[in-house]
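Please find below a colleague's note, intended to be read alongside the coordinates.

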Amino acid sequence: MGESASPAVQVSSKSRPGNRLGREEIRAVARGAALVGAEPINDVVMMEDHDGAYYAWKRAGVSGRILLHIDAHIDWNWIADKDPRALLQAQSLSQVESMLEERGVWNLTERKPDELVHIGNYIYPALKEGIVREFYWIVPDSFMESPAARRNLVRQFQSLKKITPGARKTVSVTDHRVVAEIHNTKVTACTLSHLPEIQEPILLDLDTDFLLPEPSESARAVDDLWKQLPWIWPDQLVSRLKDKGIRTDFVTIAYSVEGGYTPLPYKYLGDELALRLKHPQLPERHRERLAHKRRGSYYRHDNELDRAIAEYEMAVVLAPEDASNHFNLAYLYDQEGSSEQAAARYRQAVQLDPAYATAYNNFGPVYHALGMIETAREEYQRLLRWDPQSADAHHGLAEVLATQQRWDDAMTQYRTVLAITPAHARALQGLGFAYLKRKQWDEAITQFRRAIALEPQDGVGYFWLGEAHRHRHRWDEAIEAYRTTLRCGVRAVAIHRKLGGLYLRKRKLYKAWEQYRKALRVWGWRTLFAIRERSGRLWEKFSREREPCLR
Amino acid sequence: MLEVDTRLAKNEKIPWRLIEEEAVLLDLEEGEVLRLNQVGAEIWNAIDGTRTVEEIVSHICRTFEVSHRTASRDVRRFLKQLLRHELVQERLGVSMASA
């Protein structure tokens, strides 16, 4: 599924970002647009990370469009991209104060705004730059099924308000929709069934994870995450879009496997979506292949392994180049106890698509995050049966062992990772942490330093380095490491508390006091960037009217 | 230790501006916005890399009509705070004798 080279909409010289499209422009867009599920769509852009959609829109010169974002996640968070120098242009101090009421929007880190875009916030720059003028977030049906689920949805909007209190003007919540106006942009969250009629062609932005239940929900529903089923299949989604009369000229689809959002066995659903959008009249061979895969999933879900294998083998016959069939077969053969066959299938999948060698090619990380430690361990061991040289599986196993505080075993696994991949920063950090737990401070410092050399922007690495130095009574080095952690953007009460303690040791009372105050502020009682009192009692003796102080 | 002939210079990385007789400073290294009141702003403004501590004290005495003793004590205390926050730095190689 290649990336399209042709732009969706060329911006005319008259159009300005954020403006509603003119009649002529709508006609121009409409000419290139297709009725979803009925007419072929030419421009379908595939990506792993969903923020690729923003860059695809930019490259295509898209402007002033309605976005239909079909995703299990809103992907809209504020980016602290406002240049704080704007504060210095204020006409009055009260204006400065009111500007600072918008928390989390001031970029006080000196990182460039484009370095701050990621999968969780890419819609923000799209709105800000006028690529998108109206935003519909199509949520999975389960998000609106119960009052508790609806409350959860409203909370997401409220979290946006917390950052910019003045931004959200209105919000209305019904059984079917949550509608808000944020910074003059209308935002509607609803299920596809309750999407209002949209006249003009929209930007269609899909995430494959929309099709699957949340991992925790799946873990409750099935005894093994490999057996989970989508709540909606691609053809059903396309059919519902068709029923809604959705027209589009530009589609973006994210796989979102990295991070554990879309389970790798179902990554192919992203490709299936693209295929069905590009070719509504699906050729027979594709229809047959996809039907085999779907039946295979159902048989796997019902624990009918032989029948599931037969279905996927049929799919392989029809499309031997499709990595997903081999990958799904690897699991099924493994369940049958045919480890060699499983390993062969896995190798074939990776050969066809190296992306299948990802750290998320098993449910170990998901189980670990859900606290199902033993199941996570079994998952990593399964992968090691398929690929004994998988650094990620060894690393996952090491992390599990570290959680179980089996430090010796964990260290053995970390060392194995490093023997396979010497520049594995997380393994170095994990090894350092294990040394730290065993009170081998110098060894810990060595490993943390090696990890930092590989990932100099990783604030967490500096934190652990600070911990090791602190235990070693190297106060200055510890202070420097903690300060670097803060400079990397990591904010935690513990860092300020530890810095406060270190400054106390060095009898730098004012600095210690400062850090404890910061700890309190991070703790939540004070706003992050508010102008604040800084001198307190030190200045009380001075003339109240004329005191020189930092406030 | 701040000597009477010590000269201080503003940290050039700190953008700032006087607004309504107060000074607003952006400490981007620490990720903070700071505000100096009228007297603090006057001292901040007087720190130009050429004035000595004593000259700043005299300036504050004249401007706010306070005793030299009070001004000296509080200006020094304030300057130390600015130094601790690395908002200002001592200008090396420039002393009363060489000026």
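The numbered points that follow take up the composition, the cores, the helix packing, the strands and the backbone in turn.

1. The model under discussion is predicted. Chain A contains 22 helices and 9 strands. Of the 551 residues in chain A, 42% are buried. When contacts in chain A between residues at least 6 apart in sequence are considered, 64% join residues at least 24 apart.

2. Nonpolar cores. The largest nonpolar core holds 135 residues, and the members that touch the most others are A:Trp57, A:Leu68, A:Leu203, A:Val251, A:Ala330 and A:Tyr414. Apart from this core lies another, of 27 residues, which includes B:Leu34, B:Val39, B:Trp44 and B:Leu87. For A:Ala330, once neighbours within four places in sequence are left aside, the contacts are with A:Ala342, A:Arg345, A:Tyr346, A:Ala349 and A:Trp386.

3. Helices 10 and 11 of chain A. Helix 10 (residues 305-318) and helix 11 (residues 323-335) of chain A have axes that come within 10 Å and cross at roughly 155°. Angles over 145 degrees count as roughly antiparallel, and helix 10 and helix 11 of chain A are therefore described in that way. Helix 10 of chain A passes helix 11 of chain A in a left-handed crossing. The contact involves A:Leu305, A:Ala308, A:Ile309, A:Tyr312, A:Ala315 and A:Val316 from helix 10 of chain A, and A:Asn325, A:His326, A:Asn328, A:Leu329, A:Leu332 and A:Gln335 from helix 11 of chain A.

4. Helices 17 and 18 of chain A. Helix 17 (residues 425-437) of chain A packs against helix 18 (residues 441-454) of chain A at an angle of about 160°, and the axes are 8 Å apart. The angle makes helix 17 of chain A roughly antiparallel to helix 18 of chain A. The crossing of helix 17 of chain A past helix 18 of chain A is left-handed. Among the residues that make the contact are A:Leu428, A:Leu431, A:Gly432 and A:Tyr435 of helix 17 of chain A, together with A:Ala444, A:Phe448, A:Ala451 and A:Leu454 of helix 18 of chain A.

5. Helices 17 and 19 of chain A. How do helix 17 of chain A and helix 19 of chain A lie relative to each other, roughly parallel or roughly antiparallel? The axes of helix 17 of chain A and helix 19 (residues 459-471) of chain A cross at roughly 25° and come within 11 Å. Helix 17 of chain A and helix 19 of chain A are therefore roughly parallel to each other. This crossing, too, is left-handed. On helix 17 of chain A, A:Gln429, A:Gly432, A:Phe433 and A:Leu436 meet A:Gly461, A:Trp464, A:Glu467 and A:Ala468 on helix 19 of chain A.

6. The hairpin of strands 6 and 7 of chain A. Strand 6 (residues 177-182) and strand 7 (residues 185-190) of chain A run antiparallel and are joined by 6 bridges. The bridge partner of A:Ala180 is A:Val187 in strand 7 of chain A. The two strands form a hairpin with 2 residues between them, and A:His183 in the turn has a positive phi of about 50°. In a regular strand, side chains alternate between the two faces of the sheet.

7. An open sheet of 3 strands in chain B has the order 2-3-4, with antiparallel pairing. Strand 2 (16-19) and strand 4 (32-36) of chain B are the edge strands, each pairing on one side only. From one strand to the next the twist averages 20°. Strand 2 and strand 3 (residues 22-27) of chain B pair over 4 bridges in the antiparallel sense, and B:Ile19 stands opposite B:Glu22. Helix 1 (residues 38-46) of chain B lies across strands 2, 3 and 4 of chain B and runs at about 70° to strand 3 of chain B.

8. Positive phi values. Most residues other than glycine have a negative phi. A:His473, which is not a glycine, has a positive phi of about 65°. A:His473 is located in the loop between helix 19 and helix 20 (475-487) of chain A, and counts as exposed, with 10 C-beta neighbours inside 10 Å. B:Glu20 likewise has a positive phi, near 50°. B:Glu20 is found in the loop between strand 2 and strand 3 of chain B, and is partly exposed, with 14 other C-beta atoms within 10 Å.

Note on methods:
Residues numbered from 1 in each chain as written. Chains lettered and ligands numbered in written order. Predicted model: local features only at pLDDT ≥ 70, side-chain atom pairs only at ≥ 80, totals over all residues. Core = buried A, V, L, I, M, F, W, Y, C linked by C-beta atoms within 7 Å. Buried ≥ 20, exposed ≤ 12 C-beta atoms within 10 Å, placed from the backbone. Contact = placed C-beta atoms within 7 Å. Pairing = 2+ DSSP bridges. Axes fitted to C-alpha atoms, helices over the stretch in contact; angles between N-to-C directions. Parallel < 35°, antiparallel > 145°, perpendicular 65-115°, else oblique. Left-handed = near helix turned anticlockwise from the far one by under 90°.
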